[in-house]
Amino acid sequence: PLYEEALNGQRETLGNQHSNTLTSITNFAVFLNKQGLYDEARPLYEEVLNTERETLGNQHPSTLLSIANFAFFFKQRGLYDEARPLYEEALNGQRETLGNQHSNTLTSITNFAVFLNKQGLYDEARPLYEEVLNTERETLGNQHPSTLLSIANFAFFFKQRGLYDEARPLYEEAL
């Protein structure tokens, strides 16, 4: 009730298109989603995404984040056919607007790699893991926490496939 009360107050005071209202709608959608109330969450994700597309455009960083959030919503529900084009749209948009080395782009690349990996699309996932790791090694260095996490992610990718000889040196490097 408090979430809904605060959201309704923001809608009345700030309007439906204000960034604070859209953030509150997203937070409420995430809250509902975590409770398994998918039918209530979905229209909120759609509202935010449609509003941002109309007001900010398809390439705005906030819109791209909302696209990625909606893709994650579908992935969690196992609706991979709905999720994939959204993951691709968010990633391609971030590459174009933010560049390949931006942290948001690298996060989207990783999320898409995890998505592909979960479906057993290893040949598509592997170059994405490699791209993130190589970019972070170049831009952040080998000891940066983000780089170390990417090393561990890539090691896990190999471990899941039973490729222990490839996984071990990466796990050792990440330690």
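Which residue follows α4 and has a positive phi? In this predicted model, the residue that follows helix α4 is G78, with a phi near 80°. The helix before this glycine is described below, after an outline of the chain as a whole.

The protein chain contains nine helices and zero strands, and its pattern along the sequence reads α-α-α-α-α-α-α-α-α. The C-alpha trace spans about 60 × 30 × 30 Å along its principal axes. Of the 175 residues in the chain, 34% count as buried. Among contacts with a separation of 6 or more, 41% are between residues 24 or more positions apart.

Helix α4 has 16 residues, and the distance from its first C-alpha to its last is 23 Å, close to the 22 Å expected at 1.5 Å a residue. The buried residues of α4 are T63, L64, S66, I67, A68, F70, A71, F73, F74 and K75. An α-helix has 3.6 residues a turn, so residues three or four places apart point the same way. The cover over the buried residues of α4 includes α2, α3 (38-55), α5 and α6 (103-118). One of the residues of α4 is S66. The relative accessible area of S66 is 8%, and S66 is therefore buried, since buried means under 20% relative accessible area. When residues up to four places away in sequence are not counted, S66 touches V48, L49 and E52.

The packing of α4 on α5 was examined next. Helix α4 (residues 61-76) and helix α5 (residues 80-97) have axes 8 Å apart and pack at an angle of about 155°. Because angles over 145 degrees count as roughly antiparallel, α4 is roughly antiparallel to α5. The crossing in which α4 passes α5 is left-handed. On the α4 side, the contact is made by L64, I67, A68, F70, A71, F72, F74 and K75. On the α5 side, the contributing residues are Y80, E82, A83, L86, Y87, E89, A90, G93, Q94 and T97. Sorted by class, this contact of α4 with α5 comprises twelve nonpolar, three polar and three charged residues.

Helix α1 (residues 2-14) packs against helix α2 (residues 19-34) at an angle of about 160°, and their axes are 9 Å apart. The two helices, α1 and α2, are therefore roughly antiparallel to each other. Here too the crossing is described by its hand: α1 passes α2 in a left-handed crossing. Helix α1 contributes Y3, E4, L7, Q10, R11 and L14 to the contact, while α2 contributes N20, T21, S24, I25, N27, F28 and F31. By class, the contact of α1 with α2 holds six nonpolar, five polar and two charged residues.

The contact of α8 with α9 divides into twelve nonpolar, no polar and three charged residues.

Terms used. Residues are numbered from 1 along each chain as its sequence is written. This is a predicted model: local features need pLDDT of at least 70, side-chain atom pairs count only at pLDDT 80 or more; totals for chains, interfaces and linings use all residues. Side-chain values use heavy atoms; hydrogens and water are left out. Axes are lines fitted to C-alpha atoms, for helices over the stretch in contact, and angles run from 0 to 180 degrees between N-to-C directions. Helices (H or I, at least four residues) and strands (E, at least two) are DSSP runs, numbered from the N terminus. Angles under 35 degrees count as roughly parallel, over 145 as roughly antiparallel, 65 to 115 as roughly perpendicular and the rest as oblique. A crossing is left-handed if the near helix is turned anticlockwise from the far one by less than a right angle, and right-handed if clockwise. Contact means heavy atoms within 4.5 Å. Ala, Val, Leu, Ile, Met, Phe, Trp, Tyr, Cys and Pro count as nonpolar, Asp, Glu, Lys and Arg as charged, and the others, Gly among them, as polar. Buried means under 20% relative accessible area, exposed over 50%, partly exposed in between (1.4 Å probe, protein chains only). The expected span of a helix is 1.5 Å times one less than its number of residues.
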